[in-house]
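Hi,

Here is the structure I promised to pass on. Have a look at it first, and my notes follow below.

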Amino acid sequence: MELMKRNFGLSVVACGLLLAGGCATQPGAVAEGPPPSGSEVVEKYLVGVDDTLSVSVWRNPELSVDPVVRPDGMITVPVVGDVLAAGKTPEEVAAEIRERLSQYIRNPQVTVSVTRLVSNAYLTRVRVTGAVVQPVSSPHRPGMTVLDAVLEAGGLTEFAAPDNARLYRKVNGKINAYPVYLKQILQKGDLTTNYELLPGDIISIPERSF
């Protein structure tokens with residue numbers, strides 16, 4: 001009974017951590033083939049509170065600023081005033097500023113970029129949950145693999161079911177689950193499923209059913 005409670009708790013934790021997107025992949029269902037690489041899952045970045053932007057207006061340096069997104073989601077731009085930035089892409093923010101500046105400047109050319117990402121901190125981490133010595137949430141590093149993350153979590157516990165591990169990755173707005181055969185990686189050196197990780201990935205290792 002205690003083991004069942006622990007397994008249920010791990011499932012709840014894993015679902016809750018999946019980027020607040022819910023468990024789009026049904027329990028037991030796994031995606032076909034390896035997970036897509038970084039270039040295939042790039043999503044549009046949405047500006048968030050405390051991000052620093054660079055607003056550049058061509059040939060109008062006096063209108064170019066580097067505002068920080070306020071708690072109300074707004075930034076302040078000369079002449080234009082307050083502009084809602086949070087929840088929009090940089091391109092959408094630029095379009096809004098461009099439209100409002102056009103009342104004062106003929107054909108304004110506006111570009112907006114994010115120079116300091118703060119609101120994205122949660123998404124740029126990799127998490128390991130379940131039957132590991134110490135569940136962790138680590139900053140993502142280029143080249144980081146499944147094995148790297150599991151070792152940072154202190155390795156597996158004696159109750160782990162290593163070949164039932166799953167890698168959860170958000171692809172096109174949905175959470176997909178990919179099988180990871182940790183026993184093959186750790187004991188046989190088979191690195192087929194030692195996937196390179198992306199920001200936001202979650203590795204979940206269940207406990208054995210006795």
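Let me start with β8, which is mostly covered: 6 of its 7 residues are buried (buried means under 20% relative accessible area, exposed over 50% and partly exposed in between, with a 1.4 Å probe and protein chains only). Strands here are DSSP runs of E with at least two residues, and helices are runs of H or I with at least four, both numbered from the N terminus.

Before going further, some housekeeping. This is a predicted model, where local features need pLDDT of at least 70 and side-chain atom pairs count only at pLDDT 80 or more, while totals for chains, interfaces and linings use all residues. Residues are numbered from 1 along each chain as its sequence is written, and side-chain values use heavy atoms, with hydrogens and water left out.

Back to the strands. β8 belongs to an open sheet of 5 strands in the order β6-β5-β9-β7-β8, with mixed pairing (two strands pair if DSSP finds at least two bridges between them). β6 and β8 each have a single partner strand and stand at the edges, so one side of each has no neighbour in the sheet. β7 and β8 run antiparallel and are joined by 7 bridges, with R166 opposite P179 in β8. Their hairpin has 2 residues between the strands, and N172 takes a positive phi near 55° there. β7 also runs antiparallel to β9, with 3 bridges, and L167 stands opposite I203 in β9.

Now the packing. The largest nonpolar core has 22 residues, and V128, V146, V180, L182, L197, I203 and I205 have the most contacts inside it. (A nonpolar core is a set of buried Ala, Val, Leu, Ile, Met, Phe, Trp, Tyr and Cys residues joined through side-chain atoms within 4.5 Å.) At least two residues of this core come from each of β5, α3, β7, β8, α4 and β9. Another core, of 18 residues, lies apart from it and includes A85 and V93.

L197 is in contact (heavy atoms within 4.5 Å) with L167, I203 and T145, among others, leaving aside neighbours within four places in sequence.

What about T145, buried or exposed? T145 is buried, at 16% relative accessible area, and is found in the loop between β6 (136-139) and α3 (146-152). The T145 side chain makes a polar contact of 3.4 Å with that of N194; that term covers N or O pairs within 3.5 Å, where within protein one must be able to donate a hydrogen and the other to accept it, and residues adjacent in sequence count only if both atoms are side-chain atoms.

Cheers
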